[in-house]
Amino acid sequence: MKLLSPRLHGYVDYAIVVLLALAPLALRFGPVPTAVSYVTALTHLVVTLLSDQPLGAARKIPFPVHGALESSLGVGLIASPWLFGFSAEGPARIFSVVAGLAILLVVLATRYAAGVLSRPEPYDRYDR
């Protein structure tokens with residue numbers, strides 16, 4: 001059962017971006033995991049802003065493609081401690097794996113075909 005609507009997914013996306021941006025400061029990451037976290041946060045922000053979802057700004061990326069890109073970010077974040085050589089840094093490794101798993105859980109819990117419009121309506125039909 002898919003629990004997250006596209007709108008709720010958008011809120012979660014922005015919360016993940018903030019979490020990825022603040023974690024290096026809060027957990028005192030070294031330079032490499034800090035860079036990975038910031039690049040992932042920026043990438044996730046750009047994908048979210050460009051996605052065709054209620055909280056997207058440009059609506060250029062179809063929402064199902066957003067999910068595929070997000071899946072890639074999650075898998076990359078899980079693998080990053082070993083790919084970029086910071087697996088010995090406990091807090092950074094644990095954060096990367098947990099954050100990657102959380103992103104994948106959000107992907108699995110989202111209704112990607114919930115009627116997201118590619119063009120916003122000029123008015124809300126319920127505000128008549």
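Val18, Leu22, Leu25 and Tyr38 make up a nonpolar patch on the surface, with about 400 Å² of accessible area together. Patch members have over 30% relative accessible area and no salt bridge, and nonpolar side chains (Val, Leu, Ile, Met, Phe, Trp, Tyr) are joined within 5 Å. A salt bridge would be a side-chain nitrogen of Lys or Arg within 4 Å of a carboxyl oxygen of Asp or Glu. Areas come from the Shrake-Rupley method with a 1.4 Å probe, and for residues only the protein chains shown count as cover. Helix α1 (residues 6-27) supplies the largest share of the patch, three residues. Leucine 22 sits in helix α1.

This is a predicted model: local features need pLDDT of at least 70, side-chain atom pairs count only at pLDDT 80 or more, and totals for chains, interfaces and linings use all residues. Residues are numbered from 1 along each chain as its sequence is written, and side-chain values use heavy atoms, with hydrogens and water left out.

The chain has four helices and zero strands. Both are DSSP runs numbered from the N terminus: helices are H or I, at least four residues, and strands are E, at least two. Of the chain's 128 residues, 38% count as buried (under 20% relative accessible area). The chain exposes about 7,400 Å², and carbon and sulfur atoms supply 70% of that area.

Now go inside. The largest nonpolar core has 16 residues; Ile16, Leu20, Phe29, Leu77, Phe95 and Ala99 touch the most other members. Helices α1, α2 (31-50) and α4 each give two or more residues to this core. The most come from α4, with five. Such a core is a set of buried Ala, Val, Leu, Ile, Met, Phe, Trp, Tyr and Cys residues joined through side-chain atoms within 4.5 Å.

Two aromatic pairs turn up in the whole structure. Phenylalanine 29 and phenylalanine 95 form a tilted one, 5.7 Å centre to centre with 55 degrees between the planes. Phenylalanine 29 lies in the loop between α1 and α2 and phenylalanine 95 in helix α4, so the pair ties together parts 66 residues apart in sequence. Both phenylalanine 29 and phenylalanine 95 are buried. Phenylalanine 63 and tyrosine 112 form a tilted pair, at 4.8 Å and 45 degrees. Rings of Phe, Tyr and Trp (its six-membered ring) pair if their centres lie within 6.5 Å; planes under 30 degrees apart count as stacked, over 60 as edge-to-face and the rest as tilted.

Methods:
Patch = residues over 30% accessible without salt bridge, like charges linked within 9 Å, V, L, I, M, F, W, Y side chains within 5 Å. Buried < 20%, exposed > 50% of the residue type's maximum accessible area, 1.4 Å probe, protein only.
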